[in-house]
Amino acid sequence: SFWQGYVVLLALAVVVKAESPYRFFDWNVTYGDIFPLGVRQQGILINGQFPGPDIYSVTNDNLIINVQNNLDEPFLLSWNGLQQRRNSYEDGVYGTTCPIPPGKNFTYILQVKDQIGSFFYFPSLAFHKAAGGFGGIRVLSRPRIPVPFLDPAGDFTLLIGDWFKNDHRQLKAMLDGGHKLPFPDGILINGHGPNGASFTVEQGKTYRFRISNVGLQNSLNFRIQGHKMKLVEVEGTHTVQTIYESLDVHVGQSYSVLVTMDQAAQDFYIVASTRFTDNILSTTATLHYSNSNKAVSGPIPAGPTDQIDWSLNQARSIRTNLTASGPRPNPQGSYHYGLINITRTIKLVNSAAQVNGKQRYAVNSVSFVPTDTPLKLADYFKIGGVFRVGSIPDNPTGQNMYLDTSVMGVDYRAFVEIVFENHENIVQTWHIDGYAFWVVGMNGGVWTPNSREEYNLRDAVSRSTTQVYPKSWTAIYMALDNVGMWNVRSEFWARQYLGQQFYLRVYTPVNSLR
């Protein structure tokens, strides 16, 4: 009847009123010519832009992102650091989400539930990440939640990363052929090569810079000539506000700094350069004072090059601001991760080897191979034979590398310790989708149970991407509070593509359509 309908509408109106705001995005993904290093390349554009548009949002916003794939091959976007609470189908990686076929669209329905901070999105399939398709994500605090610093005069996204002049298809063909990639050709800042990007500021004011390393393999050091940087946020956690002259940003990581324009009215270099490489690649952008009457000048400020201890000490100095609010008004230190009993220890060792005459990479000897059916769907619809839970061991076995679709089963609500151990002589970076974790310790050598004595159990930083230094270990604590199928991967993109990844199945028998 009319009145029943009216009551239903009224009820719906009440529900809608209580919901968080919706933001709608319509994205058209195409190929287009780009010239970041002065050479014409086929780039991946979003609405004609390279890099793609920034996503602006506020804690708990619903993001409705319609992606139209006008490439000639399947495409997916993933959202580095967004936790997709109980929603791993929207994660946009090969193990969770059906690729968007050419000429078709898919509408992502995301909610930035209980999150703040600086993140980025990127294309996850094939080797598309080497062609663009990435962009910044910022999640602002809700209006009445206190933020531990004054509103900046401006807020800039800086996407830094190494870059190849080779087409993404050429790079993929090299990897498919069993070869390693060559050394990159340059560094980009917001899609531009040397002196290409510029940021205009007003003298005397303070600005926020959100720096994400969206590159393919290299750790980068970031610095601004004549200016100090105050670190305020790392991948969704407000940090102790330490002052740095330069910051190591490992591949896949995001940092927010405040910079006060306290110098004479002129232009200054913004610099990003590679770390731990024999050949140092470097690039610059311009910090332009609006009342400047002098172009950039003087030597480009030098940064650290191969000093690992310098980087390790800086990493240990990055800690959580326990008195600051997070996405909710309660302090970030109110959850005492250091007092919770560990229910399981998982040790993950990366390795490189030849399998069937081709270069491969592995975790605990298992080199991941994807399946035709996304693991998330195979699990939900109980399709047998796609993967086996437990196809990757909790600890290194020392056996020869082999190929498998590696899925590790873990219990919902468990509290785990994960140790990443790196026996190789390059820096590793690891990312876990769906989660933030506490980086409780890192050091050189081999991890032993005695290493726990040096853990930071008070104010370790909570983040989603951590580095592991050469011949070193990094330990994290993680509360498994987000059901789903979650990608654990190397952010060194060729290694990820050739098997250094697996899926963590955080399981509960209760089925949910989401």
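Residues are numbered from 1 along each chain as its sequence is written, and side-chain values use heavy atoms, with hydrogens and water left out. In this predicted model, local features need pLDDT of at least 70 and side-chain atom pairs count only at pLDDT 80 or more, whereas totals for chains, interfaces and linings use all residues.

Two cavities of 30 Å³ or more are present (a cavity being a set of points, on a 1 Å grid over the protein atoms alone, where a 1.4 Å probe fits but cannot get out; lining residues have an atom within 4 Å of a point). Volume is the space filled by probe spheres set on the points, which are joined across faces, edges and corners.

The largest cavity has a volume of about 80 Å³. Of its 15 lining residues, Phe-134, Gly-161, Asp-162, Trp-163 and Val-214 are the closest to its centre. Strand 9 (residues 154–163) contributes the most to this lining, with five residues (strands are DSSP runs of E, at least two residues, numbered from the N terminus). Because domain 1 (22–140) and domain 2 (154–317) both give residues to the lining, the largest cavity lies between them; the domain bounds come from an automatic or database domain assignment.

The second largest cavity has a volume of about 40 Å³. Its lining consists of Ser-118, Phe-119, Gly-136, Ile-137, Arg-138, Thr-157, Arg-210 and Ser-212. Strand 8 gives the most to this lining, with three residues, while strand 7 (117–123), strand 8 (135–140) and strand 12 (206–213) each supply at least two. At least three lining residues of the second largest cavity come from each of domain 1 and domain 2.

Conventions. 1 Å grid on protein atoms, 1.4 Å probe; cavity = no way out; pocket = protein on both sides within 12 Å on 5 of 7 lines; lining within 4 Å. Helix = DSSP H or I, 4+ residues; strand = E, 2+ residues; numbered from the N terminus.
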